[in-house]
Amino acid sequence: MDARHAGRLALLAAGLSGMLILSGCGKDGQGAGGPPAAPQVVVSQPLKKNVQEWDEYTGRFAALEEVEIRARVSGYLTAVNFKDGQIVFKGDPLFTIDPRPYQAAVDIARAGVAQAQASVQLAQRELDRARDLRQTQAVSQSVLDSRAQQLQNAQAQLLGAQAQVRAAELDLEFTAVKAPVTGRVSNHRVSIGNLVSGGSAQSTLLTTIVSLDPIQFYFDADQASYLRYVRQSRNGERVSSRDNPNPVILALPDEQGFVHKGHIDFVDNQIDDGTGTIRVRALFDNADMVLTPGMFARLRLVGRPNYDGLLLPDAAIGTDQNRRFVYVLDKDNKATYRGVTTGPLIDGLRVIRDGLMETDKVVVAGLQRVKPGAPVTPVEQPIQAASGATP
């Protein structure tokens, strides 16, 4: 065998050896044409928990009492007895209108009473004298009747004079303008020395007062929620807010938790035909007077009775147009598409109202690697609620 022939045989042997090696690798491992490994995902069973659902609304505080302080008598303003914006109590003096003209009117009215009393006494003596003379037939019956009428006229004039005294004293009292309610006063609208008018619809506005404790909170509930509350009341699932002070909780814009507790005290008698909502009012204690009329806040009231619900993290829930879904593993670890009905967020987890069972294994992580009907490699991990849960 020559050298050229021997070289060809060596090359042929090397080629056969390489083919055998590649063939062996294709059998023992995953080659280019082998099936891909099932993707690894985290699966969990839904967390079962007693759930209390709250409906949330945005509304605004309003004063229980809001009073415009107007002059009830006319005169010159002589004193402002408060500091703008301070807390005033019922009966505190706010303004003083010059009382001297009204004091003079009281004195005149009292003098009129004294004069009327003297007239009554004189008429009474004349009537008594006429009665004595009538017994001896010294005067006629008509004279006696005339004296009796004079006494009645004098008594009526006395009553009128006494009424004038009360009216004059009332006007004098109105010169001291006092706070009709406890609350926070606004700024004074009229300065000392100005003439104010009172006793009419155009009376001078002096200032305003709003009460702060307790304080009201108004919000609007949509028609669907209102119907749900009514049906729950009729089914015995909850009591009606029209007849019972159902509890509510409230959070201010700078607060994370709903720490203020109150109750419903009014539900309007009709639904607004423009907005499709009904006005509801809650009442809150405000001893520290932090809550202020006009301030916005968020309010929660019980949306549904307590129930044992299933909860999942939001990351486990997908969206298909307007439908929410999850992937549930079957006995062969294949992902199955399952439509679900979701509820609110509780303790950082989403309530699943319909579509799941407590024993279902749901893909909670790696959702983007799942294909419906395809097998997966599950890694089981329990679900835990977030710490610092909101009530």
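**View 1. Nine aromatic pairs turn up in this predicted model**. That count goes by a simple rule: rings of Phe, Tyr and Trp (its six-membered ring) pair if their centres lie within 6.5 Å, and planes under 30 degrees apart are called stacked, over 60 edge-to-face, and the rest tilted. Take Phe 217 and Phe 284: their ring centres sit 6.4 Å apart with the planes at 85°, so this pair is edge-to-face. Phe 217 belongs to strand 12 (residues 215-222) and Phe 284 to strand 15 (residues 277-284), so the pair ties together parts 67 residues apart in sequence. Helices (H or I, at least four residues) and strands (E, at least two) are DSSP runs, numbered from the N terminus. Phe 217 is buried at 0% relative accessibility, and Phe 284 is buried too, at 1%. Here buried means under 20% relative accessible area, exposed over 50%, and partly exposed in between (1.4 Å probe, protein chains only).

A word on the ground rules: this is a predicted model, where local features need pLDDT of at least 70, side-chain atom pairs count only at pLDDT 80 or more, and totals for chains, interfaces and linings use all residues. Residues are numbered from 1 along each chain as its sequence is written, and side-chain values use heavy atoms, with hydrogens and water left out.

**View 2. Tyr 327 and Tyr 337 make an edge-to-face pair**. Their centres are 6.4 Å apart, with 75° between the planes. Tyr 327 comes from strand 19 (residues 323-329) and Tyr 337 from strand 20 (residues 335-346), so the pair ties together parts 10 residues apart in sequence. Tyr 327 is buried at 9% relative accessibility, whereas Tyr 337 is partly exposed at 31%.

**View 3. Asn 246 sits in the loop between helix 4 (223-234) and strand 13 (247-251)**. Asn 246 is buried, with a relative accessible area of 11%. Leaving aside residues up to four places away in sequence, Asn 246 touches Arg 238, Val 239, Ser 240, Ser 241, Gly 262, His 263 and Ile 264; contact means heavy atoms within 4.5 Å.

**View 4. Four strands form an open antiparallel sheet, in the order 4-11-9-6**. Strand 4 (66-70) and strand 6 (87-88) are the edges, each with a single partner strand, so one side of each has no neighbour in the sheet. Two strands pair if DSSP finds at least two bridges between them; strand 6 and strand 9 (residues 183-185) pair antiparallel over two bridges. Ile 87 stands opposite Arg 184 in strand 9.
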